[in-house]
Amino acid sequence: MISEFKRIFNFSRITKRPLACAFFVFSGGIIYAYHTKVSFHALLYAASFLILSVFILRKKGKNIFFILLSALVFISGALACINFNTLSANNIYRLLERPSQYAYIKGTVKSLPAYTWQRWGNRRCSFLLEIASYKMNNTWLKAEGLSQVTISDNEREYNYGDSVLIYGNIKKLDSAQGYSRQGYARYLNRRGIYTAIDAKKDDDIALIGKTRPLSFKKYIHKLRRRIERRFKRYLPYPDDAVLSAMLIGRREAIPKGLSNIFVRTGTIHILSVSGLHVGIISGILFFVLKLLKIPRKPLSAIVVLFLWLYVVMAGERTPIIRASIMISVYFISTIIDRDFDIYSALSFAGLLILLLNPMQVFDAGFQLSFSCVFFIVYLTPRIEGVFFRHKNKEKKPVIKRGVYNILSYSRKAFFSSLAVFVGVWPIVAFHFRIISPITVIANIIVIPFLGIIISLGAMLVCIPYALIFMARLIAYTVHFLFFTLFNSMAILSGLPFSFFEIKGISLWAVCAYYIAAYIVFEGFLGHNMQGAEKNDL
Amino acid sequence: MQRLEKTISLVVLLGLISCLTISYSLKISQSIAPYASAETDTLALAREKITQSKIININTASRYQLTRLPGIGPKFAERIIEYRDAHGSFSSCEEIKCVKGIGEKKYKTISMVITVTD
């Protein structure tokens, strides 16, 4: 019993992966600073004391050094959190005299504008504005910060990099009227956006200038627009909207009814660019470049470079950045001939993201993105091992190789999907108040569709304008695939007990579940691991 | 952990803490500053352009045009038109304060963008 307890709680497996340890400790520091409101100076004194202790006690043993280093990482996380949430005196949030007021604000458009059609026929435009100045008491003051701009009745087109002057109602997001959806305000706050500007019409906005013509990001966003127009040209609605969402991250035009079907089946992740999409696209590019007989190291470098251009085009969201860092680490490890460890790569990606934005640790997208990868790698062999003992791989299969491969893929897909559901359902229930058992089956169906649709979508983007016939053929195929996919998901979401909407689940219940689940995974399933690899935790 | 790894970890952590301290110090020491004067002329012109496009004649404006005024929705627009129908054209901008619901505060918000003549 004691030996079993020691085996389950053997944390030397984590300490052997210092990056994984650093990730958890850093996250702990962020959570501690956010909830306790500790002061920056107190933490700085503590850090100075610890650094001094490291120098004095460095020869006392590796355990003491490890504990002191962990404490320093913890304090770094706390400092990063406080630093991120501290706003300078020039920040627009601090300059505002009232929770909401009408004012003139000058800034630069810092995102690709999103256009949505309203019920009463007018078009709404929204974009992110990087504020440069603000008019207060007849004086222009230097200001900084990001603001979410919404134009209720829009006809004009705006572009990334446009310098504009806006007259609108600027509101503080935490206490502003009209933002009764506090979850949305908190979501924007976590991205460093503390204000929102509402303008009624285009007349309230004057275009002052544009960024330099050779601005790299502006070119990427122009390309994004052209790809969107290409899809609109060849595909009917809502196929063009869904394909734009899957390939370039433009989700605004997807009909609400269609989104709800995917939410209920737990497959909403395919309607936005995520790690899965990045993996498929980099896989396609790798395959194409390999056909062109490009040597391994230059090929890896090209894939990594393309990946980061794609991150900018698809909107620089957390799941895309996470996947791109991991894939980049993989390819760099092949270039420099080093072993690749998926847990370390995952932790490294998490640390980089948290260094840039510590508040991401509370974000549902961040938690789900990392949890999904972790549970696929960690839990799938354990669950599979319950049903299938480790087989001698040398033994010849008794059925045909093709059938064996299909069955093997289906088995792996089922257990991966089950592992993800078992691992992430509490996080989904906590943030979105829904539990979808049908997601296990739905994801097995959806993922092969996604691979084919993305491949065809990429072909549609790359095909020259002259080959109209080929483009139309691809478009018809994509339309057929979408028709099948949407109807399959609609059927699945209509089945009894496919999903449950709940009132909510407490954070303590989530923590208790993961502790109990860890004991079960390690204590009972750990003995039966199928296909244990050297990289396994 | 090897000696080199220990040294690198310490150096990275020290660098991170230093950067965070510098960033925090810069943020708390910043003070409110006026905007660069070269740009204010451009801003004044742009503001003039917005103001001109926004000026509404409250004697001739339709219900839809009145809703373009800041803080004036369909309900207030309806009240302005009802007052206009009952009492005739507004003789001055200040007379709009006689409309039910439009007090000193709301008048201050819209006074810059209303007129009673073309």
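Visitor: Where does A:Leu223 sit in this model?

Guide: A:Leu223 belongs to helix α8 of chain A, which spans residues 216-234. Keep in mind that the model is predicted.

Visitor: Is A:Leu223 buried, exposed or partly exposed?

Guide: Count the C-beta atoms around the residue. A buried residue needs 20 or more others within 10 Å, and an exposed one has 12 or fewer. A:Leu223 is partly exposed because 15 other C-beta atoms lie within 10 Å.

Visitor: What share of the contacts in chain A joins residues 24 or more positions apart?

Guide: Take the contacts with a separation of 6 or more. In chain A, 75% of them are between residues 24 or more positions apart. For chain B, the corresponding share is 51%, with the contacts again taken between residues at least 6 apart.

Visitor: Which helices and strands make up the two chains?

Guide: Chain A has 19 helices and 10 strands. Chain B has 5 helices and 2 strands. In sequence order, chain B reads α-α-β-α-α-α-β.

Visitor: How many residues count as buried, as a percentage, in each chain?

Guide: In chain A, 35% of the 537 residues count as buried. In chain B, 13% of the 118 residues do.

Visitor: What is A:Leu79 in contact with, beyond its neighbours within four places in sequence?

Guide: Two partners are in chain A: A:Phe40 and A:Leu43. Two are in chain B: B:Ile17 and B:Leu20.

Visitor: How many residues of each chain are in contact with the other?

Guide: Interface size is often given as the accessible area lost when the parts come together. Here we count residues instead. On chain A, 35 residues are in contact with 32 of chain B. Elements supplying at least two residues each on the chain A side include α4 (40-57), α5, β1 (100-109) and β6 (163-172). The largest share, 9 residues, comes from α5(A).

Visitor: What classes of residue does that side of chain A have?

Guide: The side of chain A that touches chain B has 20 nonpolar, 8 polar and 7 charged residues.

Terms used:
Residues numbered from 1 in each chain as written. Chains lettered and ligands numbered in written order. Predicted model: local features only at pLDDT ≥ 70, side-chain atom pairs only at ≥ 80, totals over all residues. Contact = placed C-beta atoms within 7 Å. Helix = DSSP H or I, 4+ residues; strand = E, 2+ residues; numbered from the N terminus. Nonpolar A, V, L, I, M, F, W, Y, C, P; charged D, E, K, R; others polar.
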